[in-house]
Amino acid sequence: MKTWNRLASAVLLVAATATVPFSPTQPAAAAATDVRVDVDVRAGLATVGDTAIGVNHAVWDSQLGTPAVTGLLRDAGVQMVRYPGGSYADIYHWETHTAPGGYVAPDTDFDTFMAGARATGAEPMIIANYGTGTAQEAADWVRYANITKGYAAKYWTIGNENYGNGHYGSAWEADDHADKSPREYAANVVAYSQAMKAVDPSIKVGAVLTMPGNWPDGIIGTGDTGTWNSEVLSRAAAAIDFVDVHWYPGGAGAAETLTKPAQITDAVRLLHDQIQRYANGRDIRISMTETNVDIGRNTQPGALFLADVYSGLLAEGVFTVHWWNVHNGLGTVSEVAGETDYGDYGLLSSGNCTADGTVCQPPLNTPFAPYHALDLTGEFARPGDRFVDAGSDNNLVSAHAVRRTDGTVAVLLINKDPDDAHQVSLNYHGFTAATGPVDVATFTNGADGITRSTSAGAGEQTLDAYTMKLISLRPAAAPAGGPKAPAKPTVTATDRTATITWPASASGVKYEVYRQNNGAAELWGETTGTSLTVRNLEPGRRYTINVLARDNAGRQSPPSTPVTFSTGTPADAPCTVTFRDTNDWGNGYVGQIDITNNTATAVNGWTLTFSWPTTWQTLGSGWNATWTADGRTVRVTSDGTLAAGGSTTIGFVGNYSGPNVLPTVFTLNGNTCTST
């Protein structure tokens with residue numbers, strides 16, 4: 001959504017046995033430690049691809065493709081660059097290099113962009129003009145790029161934030177179509193995809209969706225039968241290879257903004273669920289091609305947010321994450337954590353000044369703090385690295401970890417506390433570190449770059465206020481031989497049990513099933529067979545598991561691809577609850593709950609209880625009963641009678657400030673109900 005800042009014109013024109021933590025080679029953590037971080041290499045997440053670290057380029061940026069910029073991006077490990085730039089994509093015509101109604105800088109045409117991408121060593125992500133363009137124009141662009149010029153440009157998105165065309169009331173995105181509904185967008189996505197793939201069948205085509213928890217997620221527009229995402233996916237899923245989302249989570253201040261990365265797992269899970277509903281078994285992937293913050297864009301809050309968000313999204317399997325933007329221009333100047341913040345969405349300075357000349361940015365192309373965070377993140381998450389589960393017991397300290405192919409474990413620690421340092425105790429599971437010092441890369445508040453050192457802190461690290469650290473630990477013994485990772489398991493679950501099944505990976509091995517648990521996985525069981533049934537699970541609970549193999553020599557394989565599943569509710573409960581979101585406006589909704597007494601006896605007086613799945617959901621008001629909330633627990637009481645086989649309906653207003661994960665488990669007078 002973000003576009004060129006006109007202030008930039010002067011310069012830019014531009015359930016089981018718990019594991020035992022590894023005891024590190026260093027002395028036990030001192031009493032002063034106040035944060036525990038666990039890292040478990042047996043709990044595998046996504047593998048980093050070769051397009052993971054991305055940024056945006058724009059045709060109004062006169063620095064696009066210059067040696068200074070390509071060098072900085074290459075040094076930061078940028079692997080994908082997006083063009084021609086946010087909302088400009090829906091007014092930009094590639095062949096004439098024009099954007100009617102907008103500014104196009106000299107030397108920013110497609111060939112210049114491609115030369116810059118190649119100099120950076122990055123794959124292009126190209127946005128075809130949906131708003132004012134045609135399928136034929138997009139197909140001609142593919143022909144020019146891949147047939148005429150041989151650029152082998154693989155990734156093409158149809159438009160940018162096209163839900164912002166006025167259909168839901170807000171209009172910032174150009175759209176010349178008379179019908180601005182998601183149905184029309186979906187029909188055109190199909191037409192664009194067919195025309196473009198007729199030229200080059202090897203390309204990957206993406207459609208624009210909304211990120212769960214961001215407007216207009218949850219809203220059903222006039223004349224629609226579903227949300228933007230459901231309307232687009234139900235009609236166009238067969239024609240696309242990936243979906244493209246943006247995320248500007250906002251926040252009343254830096255502290256609130258830095259809590260938002262905690263929403264990533266739920267948001268990506270909801271998006272995956274939406275995709276799989278219509279994918280018909282196809283692997284439709286996710287790209288995140290714009291994100292940024294409202295406060296601290298050029299200072300440490302932006303940097304901490306970038307590192308946390310890139311790591312969190314990549315761990316969840318998002319194949320590329322892009323910061324908005326390389327350059328953008330001066331905005332509102334303020335002081336954040338003792339540093340001047342220019343309100344600039346750019347990674348690099350535009351070098352411009354306020355109109356009255358009282359405040360000027362650093363010289364052109366000077367890196368801002370988020371650039372250094374991008375650099376550190378690119379060093380942390382390298383192609384081929386496997387994210388593994390890491391967890392912190394302090395919300396102000398985030399932890400992410402990867403296992404490299406040589407066995408090295410890298411841990412990224414992020415202290416989001418602006419005032420205080422934290423002493424971190426590091427605990428490793430399934431991994432033994434080599435003795436001796438560890439490599440440490442640090443980026444602190446106000447620093448001009450990353451500092452590097454060695455430390456004796458395999459088991460303990462001090463994190464100064466507003467600081468991020470990357471520590472790299474070599475294994476005590478290099479990996480040699482051992483069984484390969486089992487294939488991705490499948491799960492069949494009821495309300496209390498789950499049967500996990502996987503193909504045999506080798507003869508003479510024992511398989512171990514681990515449940516991910518905030519960096520300290522739980523061993524659910526082991527078997528020489530290829531199936532394990534786990535019992536005594538909680539109804540309506542989400543679990544993520546990995547399967548590993550261990551040979552007779554005790555060597556353990558890498559973890560399988562993770563599988564996330566949810567248990568259901570009892571099929572023969574004494575009560576049934578049907579829950580519906582009947583009217584949603586993007587940060588709140590009307591919920592309707594139908595309660596049925598399945599017994600042959602009347603219930604005189606009742607209490608219905610449920611819990612919000614997340615911390616960012618709250619109760620507004622309720623009716624047809626007495627509603628109370630205590631933290632995440634909601635209780636609804638009535639002195640009325642539920643007749644045998646009878647039903648009643650209650651309702652409420654719910655509020656949310658992140659992905660709206662609906663509750664699925666309800667108890668009536670202490671009995672878990674069947675949910676439908």
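Where does Pro216 lie? Pro216 is in the loop between strand 7 and helix 5. Please keep in mind that this is a predicted model. The peptide bond that joins Trp215 and Pro216 is cis, with omega about 0°. Another cis peptide bond joins Tyr83 and Pro84, and there omega is about 10°. Pro84 sits in the loop between strand 4 (80–83) and helix 2 (110–120).

Now the overall picture. The secondary structure of the protein chain comes to 9 helices and 37 strands. The C-alpha trace spans about 80 × 65 × 55 Å along its principal axes. For 676 residues, a compact globule would have a radius of gyration near 26 Å, and the chain, at 26 Å, agrees with that. Of the 676 residues, 56% are buried.

Helix 4 has 18 residues, and from its first C-alpha to its last it reaches 26 Å, close to the 26 Å expected at 1.5 Å a residue. Which residues of helix 4 are buried? They are Pro182, Tyr185, Ala186, Asn188, Val189, Tyr192, Ser193, Met196 and Val199. These residues cover an arc of only 165° around the axis, so they lie on the same side of helix 4. As a reminder, an α-helix has 3.6 residues a turn, so residues three or four places apart point the same way. On the face turned away from the buried side, helix 4 carries the exposed residues Gln194 and Ala198.

What does the buried side pack against? The buried residues of helix 4 pack against strand 5, helix 3, strand 6 (155–158), strand 7 (204–208) and helix 5 (228–236).

That list brings us to helix 5. The buried ones are Trp228, Asn229, Ser230, Glu231, Val232, Leu233 and Ala236. What covers them includes helix 4, strand 7, strand 8 (242–247) and helix 7 (264–279).

Next, the aromatic residues. A pair of aromatic rings is described by the distance of the centres and the angle of the planes. With ring centres required to lie within 6.5 Å, the count comes to 42 aromatic pairs. One of them is formed by Tyr130 and Tyr192, a tilted pair at 6.2 Å centre to centre with 45° between the planes. Tyr130 lies in the loop between strand 5 (123–128) and helix 3 (135–148), whereas Tyr192 is in helix 4 (residues 182–199), so the pair ties together parts that are 62 residues apart in sequence. Are these two tyrosines buried or exposed? Tyr130 counts as buried at 1% relative accessibility, and Tyr192 is buried with a relative accessible area of 1%.

There is also a cluster connected by ring pairs. Its members are Tyr83, Tyr92, Trp94, Phe110, Phe113, Trp141, Tyr144, Tyr151 and Trp156. A charge and a ring meet at Arg297 and Tyr345: the charged end of Arg297 sits over the ring of Tyr345, 3.7 Å from its centre.

Asn280 is not a glycine, yet it has a positive phi of about 55°. Asn280 is found in the loop between helix 7 and strand 9 (285–291), and it is exposed, with a relative accessible area of 76%. Asn669 also has a positive phi, near 50°. Asn669 is in the loop between strand 35 (667–668) and strand 36 (671–672), and at 40% relative accessibility it counts as partly exposed.

The last stop is Pro539, in the loop between strand 25 (531–534) and strand 26 (542–550). Pro539 is buried, with a relative accessible area of 15%. Which residues does Pro539 touch, not counting those up to four places away in sequence? The contacts are Asp495, Arg496, Thr567, Gly568 and Val665. Pro539 and Cys673 are 134 residues apart in sequence, and their C-alpha atoms are 10.0 Å apart in space.

That is what I have for today.

Terms used:
Residues numbered from 1 in each chain as written. Predicted model: local features only at pLDDT ≥ 70, side-chain atom pairs only at ≥ 80, totals over all residues. Heavy atoms only, no water. Phe/Tyr/Trp six-rings, centres within 6.5 Å; stacked < 30°, edge-to-face > 60°. Helix = DSSP H or I, 4+ residues; strand = E, 2+ residues; numbered from the N terminus. Buried < 20%, exposed > 50% of the residue type's maximum accessible area, 1.4 Å probe, protein only. Lys NZ or Arg CZ within 6 Å of the ring centre and 35° of its normal. Expected span 1.5 Å × (residues − 1). Arc of directions from axis to C-beta. Contact = heavy atoms within 4.5 Å. Rg over C-alpha atoms; globule rule 2.2 N^0.38 Å.
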